[in-house]
Amino acid sequence: MSRSDPTWLGRYQRAMDDQAYKGQRFIEDITAKRREARRDHVNGQTPDALHLGTMRDLNIASTDAPSMEPMQLSPFEALFLNTLECLEIRDSDHHICSHAELWQLLAASSKQADEFALKYAAYFYYRTRGWTVKSGIKFGADFLLYSKGGPSNSHAQYSVIVRRQDTRGTVDESWQYMFALSRVCSQVRKALIVCYVDRPTAENVSGIHDHMEATAPDLTEFQINEFLIERFNPNRK
């Protein structure tokens, strides 16, 4: 899924010599140039020189390039950066949202508010261990894990699905479901991780169980259990 507006129609019209799109440049043109430079091992150019040269070759002002693909953060990314005090979020009245207010807003807007804390706990777990974590919706998973450098340097190594610890053995974790998901992962050369999150209960942590969407939980109280799922290949030595 692209982080920017769809451009396929404009690129098609340009390829068909539509005068309205003649000379127009798209974010895919920048991507193609960068990939070409990487294939040529950049020929000793610095990243800054490569960036400026790419913009010049495409007749794109360096100030216009960021607007072609605006940054969009997932709720988990925004919350994580806010936790580290690296991101300041304001509402429509330009009021700076506190961490508790941001948590309440994001959890309440989630289609599955009860699962929001579980997935954020998993997201936080992997981010603090050095992984770059992105959405895995394209492959039927919750998250994709990239090693250092992120998506711009390599493909994801793992697909992660997040489940509650007390749902182990239910229909979602049937072998038919796991086989289908594992088959998808193997086709795109990724390993599948099932991440079970055991969340604290109202009895031992106040204000988290029944009001998960309204109160930012203490993530140190969550427990993570990981299982790596691999397809059996009888021909593998």
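Author: Two strands are taken to pair if DSSP finds at least two bridges between them; strands (E, at least two residues) and helices (H or I, at least four) are DSSP runs, numbered from the N terminus. The model is predicted: local features need pLDDT of at least 70, side-chain atom pairs count only at pLDDT 80 or more, and totals for chains, interfaces and linings use all residues. Residues are numbered from 1 along each chain as its sequence is written, and side-chain values use heavy atoms, with hydrogens and water left out.

Reader: How many bridges join strand S1 to S2?

Author: Strand S1 (residues 132-135) and S2 run antiparallel and are joined by four bridges, with Thr132 opposite Tyr146. Three bridges join S2 to strand S3 (residues 158-164), also antiparallel; here Leu145 faces Tyr158.

Reader: Which residues cover the two faces of strand S2?

Author: In a regular strand the side chains alternate between the two faces of the sheet. In S2 (residues 143-146), Phe143 and Leu145 lie on one side, Leu144 and Tyr146 on the other, and all are buried (under 20% relative accessible area; exposed is over 50%, partly exposed in between; 1.4 Å probe, protein chains only).

Reader: How is the ring pair of Phe80 and Tyr123 described?

Author: A pair of aromatic rings is described by the distance of the centres and the angle of the planes. Centres must lie within 6.5 Å; planes under 30 degrees apart count as stacked, over 60 as edge-to-face, the rest as tilted. The structure holds 13 aromatic pairs. For Phe80 and Tyr123 the centres are 5.9 Å apart and the planes at 75°, so the pair is edge-to-face. Phe80 belongs to helix H5 (residues 75-83) and Tyr123 to helix H7 (residues 113-127), 43 residues apart.

Methods:
Phe/Tyr/Trp six-rings, centres within 6.5 Å; stacked < 30°, edge-to-face > 60°.
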